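Please study the structure shown below before reading each solution.

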Amino acid sequence: MNLVELQRALRQLRCSGMAAGLEPRLLEAQTARLAPIDFLSTLVGDELLRRQDRLLARRVQQAGFRDPDKRLDTFDFDFNKKMNRRLVFELATGHFVAQHADGLLLGPPGTGKSHLAQAIGFAVIQQGHGVCYREAHVLLEELADAQLGGTRKDYLRHVTTVPLLVIDDLGMKRLPHTAAEDLLEIVMRRYERASTLITSNRPVEDWGKLLGDTAAVTALLDRLLHHAHVLTCGPRSWRTRLQTDRSAS
């Protein structure tokens with residue numbers, strides 16, 4: 001079996017990482033006079049790395065991030081120096097997901113809540129957990145569409161069993177009159193079974209007015225805050241700073 005035939009056979013065995021690295025690894029083995037077991041180890045390592053990369057890419061795509069390139073290493077922590085950086089990196093370890101705890105990122109618009117939520121979501125995926133990201137209004141719209149389409153049960157099963165559900169921008173857009181009840185149902189089903197991370201530009205004291213059902217919101221917050229990590233973002237706004245910088249220039 002020559003090189004081309006061997007590469008074709010590896011692809012048929014779904015070992016594309018080994019197939020892609022076969023030729024350069026052979027040259028490396030000849031140059032460095034690698035022992036057969038060392039040569040085979042490098043090929044197997046190439047395959048494992050390719051599969052890990054594919055799994056990560058698939059999980060990121062399934063998460064549905066609005067801005068999939070947001071990362072912690074591109075977040076400017078120096079802009080809001082009072083932010084609890086230690087808590088951010090603690091959330092990024094994914095321990096809170098393993099513990100079925102929750103998280104709240106609160107602060108004015110433009111303070112980086114969405115960036116952090118998506119960056120934490122990506123870090124959690126790297127730790128091996130599944131993530132689903134939805135803006136609050138999109139989540140409720142999809143739930144309403146599922147109700148009309150007769151697939152509400154299946155949709156709820158997905159959003160209530162994924163290890164981390166990120167609900168972003170609660171309070172940014174007008175929500176349907178059933179928002180409080182729908183969010184309560186989701187949070188209740190996830191309570192102490194899976195983790196929920198919510199970002200909002202409104203303090204929790206305003207959620208009753210925001211969602212229009214004080215009783216449902218009280219029950220929601222009772223469960224959400226029981227095992228919650230609360231991060232305050234702000235008070236400075238990125239967008240305000242950018243506008244100021246443009247005006248100055």
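**Exercise 1.** Determine whether F77 is buried or exposed in this predicted model.

*Solution.* The relative accessibility of F77 is 8%. Buried means under 20% relative accessible area. F77 therefore counts as buried.

**Exercise 2.** Classify F89 by its relative accessibility.

*Solution.* F89 has a relative accessibility of 39%. Residues under 20% are buried and those over 50% are exposed, with partly exposed in between. F89 therefore counts as partly exposed.

**Exercise 3.** State how many aromatic pairs the whole structure holds, and describe the one formed by F65 and Y133.

*Solution.* First, a search of the whole structure finds three aromatic pairs. Next, F65 and Y133 form a pair with 5.9 Å centre to centre and 50° between the planes. Planes under 30 degrees apart count as stacked, over 60 as edge-to-face and the rest as tilted; the pair of F65 and Y133 is tilted. Because F65 lies in the loop between α3 (36-63) and α4 (85-92) and Y133 in strand β2 (residues 131-135), this pair ties together parts that are 68 residues apart in sequence. Finally, both F65 and Y133 are buried.

**Exercise 4.** Describe the geometry of the rings of F77 and F89 and locate both residues.

*Solution.* The ring centres of F77 and F89 are 5.5 Å apart and the planes stand at 35°, so the pair is tilted. F77 belongs to the loop between α3 and α4, and F89 to helix α4, so the pair ties together parts twelve residues apart in sequence. Together with F75, F77 and F89 form one aromatic cluster.

**Exercise 5.** Which ring does the charged end of R71 sit over?

*Solution.* The charged end of R71 sits over the ring of F122, at 3.4 Å from the centre of that ring.

Terms used. Residues numbered from 1 in each chain as written. Predicted model: local features only at pLDDT ≥ 70, side-chain atom pairs only at ≥ 80, totals over all residues. Heavy atoms only, no water. Phe/Tyr/Trp six-rings, centres within 6.5 Å; stacked < 30°, edge-to-face > 60°. Helix = DSSP H or I, 4+ residues; strand = E, 2+ residues; numbered from the N terminus. Buried < 20%, exposed > 50% of the residue type's maximum accessible area, 1.4 Å probe, protein only. Lys NZ or Arg CZ within 6 Å of the ring centre and 35° of its normal.
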